[in-house]
Amino acid sequence: LSSGSEVSLSHSNMSESAKPHHPSPQGKGEKSHGGDFSYVGIDAILEQMRRKAMKQGFELNLMVVGQSGLGKSTLMNTLFKSKVSRNKSVQSNPEERIPKTVEIKSISHDIEEKGVRMKLTVIDTPGFGDQINNENCWQPIMKFINDQYEAYLQEEININRKKRIPDSRVHCCIYFIPPTGHCLRPLDVEFMRRLSKVVNIVPVIAKADTLTLEERDSFKQTIREELRANGIDVYPQKEFDEDAEDRMINDKIREMIPFAVVGSDQEYQVNGKRLLGRKTKWGTIEVENIAHCEFAYLRDLLIRTHMQNIKDITGSIHYETYRVRRLNESNGHLESLLGSLPVKRATVFW
Amino acid sequence: MDAIMLQEKLVERLLCPRVRTARQKEKQYVGFATLPNQVHRKSVKKGFDFTLMVAGESGMGKSTLVNSLFLTDLYKDRKLLNAEERINQTVEIIKHTVDIEEKGVKLKLTIVDTPGFGDAVNNNECWKPITDYIDQQFEQYFRDESGLNRKNIQDNRVHCCLYFIPPFGHGLRPVDVEFMKALHEKVNIIPLIAKADCLTPNEIKKLKDRIREEIDKFGIKVYQFPECDSDEDEEFKQLDKELKECTPFAVIGSNTVVEARGQRVRGRLYPWGIVEVENQSHCDFVKLRNMLIRSHMHDLKDVTCDVHYENYRAQCIQEMTSKLAQDNRMESPIPILPLSTPDADTEKLIKMKDEELKRMQEMLNKMQQQMHDKDQ
C-alpha cells in the first residue's frame, strides 16, 4: 500500500528543505565565488546521507494505547492520511468486541511521499482498560516492548549479523486519555508511570471536541501537574535535551502537552475548501485548524519535526538501558548470551 | 405540530381533569368529579418528594446535568480528588437535598451521588455499595411500615437511577452491563448517553441502536414508559412513540449562559459553534427533563413502590418465614447444651419479638389474600 500525500517529511538533523538540490562537489552556489581555496566540500556529505537514507527508506513503529472507542484508529488514519489501522469488522456485542485480555496487533504499511519511503507499523492494543478489573493490563504491553528490545539485542550480538537490523522496537507510544475534564484516572497514572521508563510516551487527550477551550486548558494543567507529581517523564523528556536550542523548542512543547486531538477521515466543504472534519448540528470541527484542536501540533511533533529524535532516543537511551540491564543480568552466564564466540570477539564486544 | 406544544399538551393532560362532554353534563351532578382536584390541592399542600440517584464514572457530566435539570447548584463546595487520591478511593454514597418550589408546588429533591464508581483500576463489584444502599432504604421503609407509629414515615427509597454511559465506546462495556443487571430489579434505571456533544448525529443514532440491542440481548430491564391508553388521541400517541424511540437519551448539560442567535441560552461555547442544551435538534436534554419531571415523575414513584419495593418486601418476608420454619424444626431435637434461665428483660424482648413475628405473619397472610382476591 503506498499513498502519495501532502505531508512533507523533514529530518531534524539535516537540512530543513525537502527540495532536492543537485549534488555537486562544488557545493552551494553562494560560497563558490572566484577561488575555491577555502571551500573543501564537507557539507556535501549531507546530500550523500540524504540519498542513502532515501534509498534505504525509514521505519517507524507507533503503538497506540487507550480504551476502546477513543478514536485511536481514526487518529492514525488521519495522521498518515491513509487507512493504516487494523480493519475492524463491525462486532455486534461487547463479548466479541472487547477481548478478555489485552492483545497486541501489529499492522505494517509501506507509504511513500516525494520519493521517501517509510515502513510504518501501527501496533494496536485492543482490550486495554476495557475490563471491569484492569489490574496488570499493562503487562502484555510491557512484555511486547521488551520482547522487541530483546529481538534487537539478539541480532546485535550475533556473529553474523545483518547489515541493517530490522527495527521492530516501539519508537513511540501514544496514550489516549479520555476527555473527562477532571484529572487522570488511576489506570492512566499506573500505565504511564511504568511505561515511561521503557518507551517514549506521548499522551493525548482523545475526542477533545467535548471540551470547551477553558475546560481544555484547565484539564491540561491538571494533567501536567499530576504527571509531575507522579514523576512521569513523557516525551520530550527534559533530561534528554541536547542543547539550549533543543531545550527551548522542547520547553514550548512541554507547555502544550498533552495535545487535545480530534480525528476524522471524512471531508467536508468549509468556506469553499474541502477539509477533514466532523460535522455536527452546531458547526463543523476542522481537524487541521489549530483554533479548533491540536491535531496539527501532534502531527508536526510526530512526523515533521521530532520523528528522528524519537527514534534516536528509543535507540540510544531506552534500548541501551534495556541492553545494559540484560547484560548485567546474564553476567555470570556470558556464554549463554554470546553463544560459543571466540575470545577475541568477546573482548572487542566489551 | 410544534414539539413544545405537544409537550405542553402532555403536561396538561396529566395535571388537569378532563373536560366533561355535553352528554355527561345532562346527568344529575353528584360532585365527586372534583375528587382529583381535592387530591391535587391536598398534595400541593403536603408537597412531593423525589429521590434521584446518579451513577457513572467521574467526568461524565453528572453534576452538571443534575444542576441543569433542576436549575440549582448542588455541588458548590465539592472538592474533586486528584489522581493519587483516587487510587485508594472506594465507592461512596453522598446525598444532597434541596427544596424547590415552583408555582406553589413544593418538591423535596434528594440526589444520591456515587463518587468513585468505575474509577479504580479494579472495579470488581464496585456497584455493591450502591445495591447495599438501595436495599437499606427498602429495609428502613419496611421497618417503618410495619412499625406502630406510621404517621411520619420518611420515604428515602430511590425512585430513579440515571446511569451515564460514556459516548466514547461502541456500545455497552462490561461494567455497564454488570451494573445495570445488578440494579435493574431494585430501581428504575434510565440509561443516558453522556457528553453527547462529541458525537455527530449519525454516530448518536448508531450508538443508540447498538445500546438498545445490547440491553435486549443481555436481558436488562430498564425503566419502560407506560403504554398509552387506547383512548388517547393520535398526537399524544405519536409523541409517546417518539419518546420511546429516542432512548437512551443523549444528553448535554450546562450551567453557563451564552449568546446564540441573538438570544441568551444555556449552552457550551466552542470555537466551531455553540451547543444549545435546550435545543431539541442538538440533544435530548429537553426530552429527559420533560419525561423525568413533567410527565413521568409520579409513575417512577409508583413503579418503585408497586414493583421494586414489593419485590424486596416479598423476598424479605419469605426469608423470614423460611427462617422461622427452620427454627421451629430445630426445637424438636433434645438440646445438647443446658438452657440458661433467661432474665426478665430478655423475656420481655423475646415476647415483643414473638408478637412482631406474629404480626408479620398476619400481614403476609393478608397480602396473600389480597393477591388471591386480585386474581379472582
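**Note on salt bridges and a helix crossing**

1. B:Glu185 is partly exposed, at 45% relative accessible area. This is a predicted model. The side chain of B:Glu185 forms a salt bridge with that of B:Lys221, at 2.4 Å from N to O. The two residues sit 36 apart in the chain. B:Glu185 lies in the loop between helix 7 (174-183) and strand 5 (189-193) of chain B. B:Lys221 lies in the loop between helix 8 (201-217) and helix 9 (234-245) of chain B. B:Lys221 is also partly exposed, at 46%.

2. B:Glu276 and B:Arg261 pair through their side chains, with N to O at 2.6 Å. They are 15 residues apart. B:Glu276 belongs to strand 9 (residues 273-276) of chain B, while B:Arg261 is in the loop between strand 7 (257-260) and strand 8 (263-270). B:Glu276 is buried at 8%. B:Arg261 is exposed at 63%.

3. In chain A, A:Arg185 bridges to A:Asp188, with the closest N and O atoms 2.9 Å apart. A:Arg185 counts as buried at 10% relative accessibility. A:Asp188 is buried too, at 0%.

4. Helix 2 (residues 72-80) and helix 8 (residues 295-305) of chain A have axes that come within 10 Å and cross at roughly 70°. Helix 2 of chain A is therefore roughly perpendicular to helix 8 of chain A. The crossing is right-handed. Helix 2 contributes A:Leu75, A:Thr78, A:Leu79 and A:Phe80; helix 8 contributes A:Phe295, A:Leu298, A:Arg299, A:Leu302 and A:Ile303. By class, the contact has seven nonpolar, one polar and one charged residues.

5. A:Arg299 also joins a salt-bridge network with A:Lys81, A:Glu288, A:Asp300 and A:Arg304. Over all chains, the structure holds 41 salt bridges.

How values were computed:
Residues are numbered from 1 along each chain as its sequence is written. Chains are lettered from A and ligands numbered from 1 in the order in which they are written. This is a predicted model: local features need pLDDT of at least 70, side-chain atom pairs count only at pLDDT 80 or more; totals for chains, interfaces and linings use all residues. Side-chain values use heavy atoms; hydrogens and water are left out. Axes are lines fitted to C-alpha atoms, for helices over the stretch in contact, and angles run from 0 to 180 degrees between N-to-C directions. Helices (H or I, at least four residues) and strands (E, at least two) are DSSP runs, numbered from the N terminus. Angles under 35 degrees count as roughly parallel, over 145 as roughly antiparallel, 65 to 115 as roughly perpendicular and the rest as oblique. A crossing is left-handed if the near helix is turned anticlockwise from the far one by less than a right angle, and right-handed if clockwise. Contact means heavy atoms within 4.5 Å. Ala, Val, Leu, Ile, Met, Phe, Trp, Tyr, Cys and Pro count as nonpolar, Asp, Glu, Lys and Arg as charged, and the others, Gly among them, as polar. A salt bridge is a side-chain nitrogen of Lys or Arg within 4 Å of a carboxyl oxygen of Asp or Glu. Buried means under 20% relative accessible area, exposed over 50%, partly exposed in between (1.4 Å probe, protein chains only).
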